[in-house]
Amino acid sequence: MSTADTDTQTLDPTTPPNTGLDTDVVVVGAGFAGLYLIHKLRSIGLRVVAFEGADDVGGTWYWNRYPGARCDVPTADYSYSFDPELERDWQWSEKYATQPEILRYLQHVADRYDLRTSIRFGTRVSSAAWDGESATWNIITSDGTTTTSRFYVMATGCLSMPKAAEVAGAERFQGDVYFTSTWPHDVVDFTGRRVAVIGTGSSGVQSIPFIAEEASQLTVFQRTPNFSMPARNGPLPEHLAALAADRETFRETARWSQAGMNIPVAEQRVDQVDEAERLRRYEEVWQEGHLLAPSSKFSDLGVNPVANDTFAEFVRNKIRATVTDPATAEALCPTDHPFGTKRPCLDSGYYETFNLPHVTLVNLRDEPFVGITETGIDTTRGSYEFDAIVYATGFDAMTGAIVAVDIAGRDGRQLADRWSNGPHTYLGLMTHGFPNLFMITGPGSPSVLSNMATSIEQHVDWVTDCLAHMTDHQQLTIEPTPLAEHAWGVHVDDCAALTMFPQTDSWYMGANVPGKPRVMLPYIGGVGAYRQLCTDVVDQGYLGFRFQGPAGESVNDGVITRLQPDVRMVLEFLETLALPPFETLPPADARAMSEAINAERPTGPEVGEIIDGTYPAADGELAYRLYRPPTPGPHPIVAYYHGGGWVLGSATSDDPTCRDLCVRSNAIFVSVDYRHTVDAKFPAAVNDAMAALRWVSDHAVELGGIDQPVAVCGWSAGGNLAAVVSQLARDAGGPPIAGQVLITPVTNTDTTQGSYIENAEGYVLTRSLMEWFLDQYVD
């Protein structure tokens, strides 16, 4: 069969296999991503063949037909934005559309753009192997066809590989068995039947109320309770009105947002309002029915455990107020993970369902499984008989559907082996050693932490533009460099480490699948930030990629972001303030500006006690602040020197840092002031720092410390002082020092050395500011 007109012919799955079908791009999957890929790739003149295991389009929404299945993103957001006419042509019926309506939408898209002509239905990809000599992929499908293609794109979806039940004896059950991930297309009637549901993740939470409406007896087996909020489903006039009023602004705002949809992001922290205001906002969240509503009220729920627990307890109290049986209510209250670190659910009467007389909750933590029998389920406390079992056990998320295909890259290396200790990608789009293989919303991209429709469009647009670039420049292959890929993995991990996600055994971390490496799979840095980085890669000449073509090889190796995410956020925040550089101000004005900035910081964790006092410095009394841990003493004790270039700061200016260090180390921190250059130049600060060390050492026991040498700690200029007093104490024979912790210390003043050149611009501490500090400090 000729392939020149693949994009205009109908691929009839009833015809015999056609070995040797060549095309430009093979796409796997015909859901949201696959359909848009076909449309975009054909628009730039590329021939496309898509393979889809189902007999129609829809992807996840073809298979997930369980009772109550809905999207949990407002449908005005959860839809394509590439064609205004499509948006005008299709009208959603409600805020959170059901599976049948979403499937009809995708079928409508396929018909509108004649996409089925490029799809071979009922066909799964069995294997794909890279041929380095011809620079092509050889794809073998379940019908025996071998297809050669320049490019191979996995558009298989993040939640499309069902997870095994993992319950002993599952094969023994003689009744009906259903999986929410592969629900029958015929109507399932539970009327008058005894039904078990295993799993209380999203599909369980959505289906349980609907199954309860029919079943004569419903028993829910729960291992881990999940947070859920009422969906408040209904018409979506506000979203539709906003879309109709200014479609471009609505869509563009979503593209550059944190999660790919239109919802404001809060700027206030939980500790910046009183309890009454906090509870008022939480009640708004409860009534709003939106997954991102909590983050629209407070900025620190995802990073501050104390703040997070205030909302988690609010939800737990809602559960207790809803479920009439106290024991059942407590069993439904999540206490083992912070809110949001497992995907929260939106429900339609989930908790109310447990008030029905024929609905029972079995808490598997108190009553573990023994196994499944021919007639039901045995636990450590008894036997339950059922007519049907529903497994709502979720998916092997993000990587499962990709590594399920036998993909062999350069030199025959298997992708599953390459990812044996966790996925390695660049931008979540490609992986080293597998040229011309793209992944749509792959691991290392925002994907499941975003509105998937927005992220899918961004990925498809990027891939399409890349292939157009390669065509224009006669490049045959593209592949990320090892350096770029490694650095991206570090960046993904750095972003995750700022949050509480790594604390929780969730499918975000791969922890729901036995033996799967425990790593953060999605990129948590945000849709807008990620889009900018992808744009920067292209603007910098496809930084981090290697191309090959008739003219030879071209490599533009490098790292797209060297800044740690928290540093980037600080710099971006400071840029929005448009503050004058410190070095342009008199010292007194610089101190005032520094104090104003510090006043807006988070306060840091609670400690056991804070005491303010004075100590005898080298030339009079100076202030100190003591931080005592919230544990019984006595404690180790640390003399702490604040930062600020010997010009700025005070004993209290590093308050959040000292609180954090105190709690983490379980040690007393005594933050001491020292004279600044406004009052006295070098060596005044050193003399005061040495006097403070002696005073803390002499009074360690009465300050609540252990009777042993103290440690010293300092940040920036304070790190310089901590290093200096350690040398002075060593040379003077005391006081003895247990150890020193130097946080980004000033270690030299030679401005011709590397750090003054390589890091001299673009950061808060520029060369000009460092020179200003030194000019103030020393003659």
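Modeller: Leaving out neighbours within four places in sequence, P636 is in contact with N666, A667, I668 and I706, where contact means heavy atoms within 4.5 Å. This is a predicted model, in which local features need pLDDT of at least 70 and side-chain atom pairs count only at pLDDT 80 or more, while totals for chains, interfaces and linings use all residues. Residues are numbered from 1 along each chain as its sequence is written, and side-chain values use heavy atoms, with hydrogens and water left out.

P636 sits in the loop between β23 (620-628) and β24 (637-641). Strands here are DSSP runs of E with at least two residues, helices are runs of H or I with at least four, and both are numbered from the N terminus. The relative accessible area of P636 is 33%, which makes the residue partly exposed; buried means under 20%, exposed over 50%, and partly exposed in between, with a 1.4 Å probe and protein chains only. G704 is 68 residues from P636 along the chain, yet the two C-alpha atoms are separated by 8.6 Å.

The loop between β23 and β24 also holds P634. The peptide bond from G633 to P634 is cis, with omega near 0°. Another cis peptide bond joins G734 and P735, again with omega about 0°. P735 belongs to the loop between α21 (717-732) and β27 (737-743). Most residues other than glycine have a negative phi, and most peptide bonds are trans.

A135 is not a glycine but has a positive phi of about 55°. Its loop runs between β4 (125-131) and β5 (136-141), and A135 is buried at 12% relative accessibility. M398, also not a glycine, has a positive phi of about 70°. M398 is found in the loop between β16 (388-391) and α12 (400-403), and is buried at 2% relative accessibility.

S207, in helix α5 (residues 202-214), is buried with a relative accessible area of 1%. Not counting residues up to four places away in sequence, S207 touches Y66, P67 and T180. R70 is 137 residues from S207 in sequence, with a C-alpha to C-alpha separation of 9.8 Å. R88, in helix α3 (residues 84-89), is exposed at 54% relative accessibility.

Next, whole helices. Helix α18 (residues 587-598) has 12 residues and reaches 16 Å from its first C-alpha to its last, close to the 16 Å expected at 1.5 Å a residue; the expected span is 1.5 Å times one less than the number of residues. A590, R591, M593 and S594 are the buried residues of α18. Viewed down the axis of α18, they fall within an arc of 165°, so they line one face of the helix; the arc is that of the directions from the helix axis to the C-beta atoms. What covers these buried residues of α18 includes α23 (767-777).

Helix α20 (residues 684-698) should span 21 Å for its 15 residues, and its end C-alpha atoms are 21 Å apart, which agrees. α20 is mostly covered, with 11 of its 15 residues buried; among them are D688, M690 and W695.

The axes of α1 (residues 32-43) and α14 (residues 452-472) come within 10 Å and cross at roughly 30°. Axes are lines fitted to C-alpha atoms, for helices over the stretch in contact, and angles run from 0 to 180 degrees between N-to-C directions. The crossing of α1 and α14 is right-handed, that is, the near helix is turned clockwise from the far one, whereas in a left-handed crossing it is turned anticlockwise by less than a right angle. On the α1 side the contact is made by F32, A33, Y36, L37, K40 and L41, and on the α14 side by I456, E457, V460, D461, T464 and L467. The residues of this contact divide into 8 nonpolar, 1 polar and 3 charged. Ala, Val, Leu, Ile, Met, Phe, Trp, Tyr, Cys and Pro count as nonpolar, Asp, Glu, Lys and Arg as charged, and the others, Gly among them, as polar.
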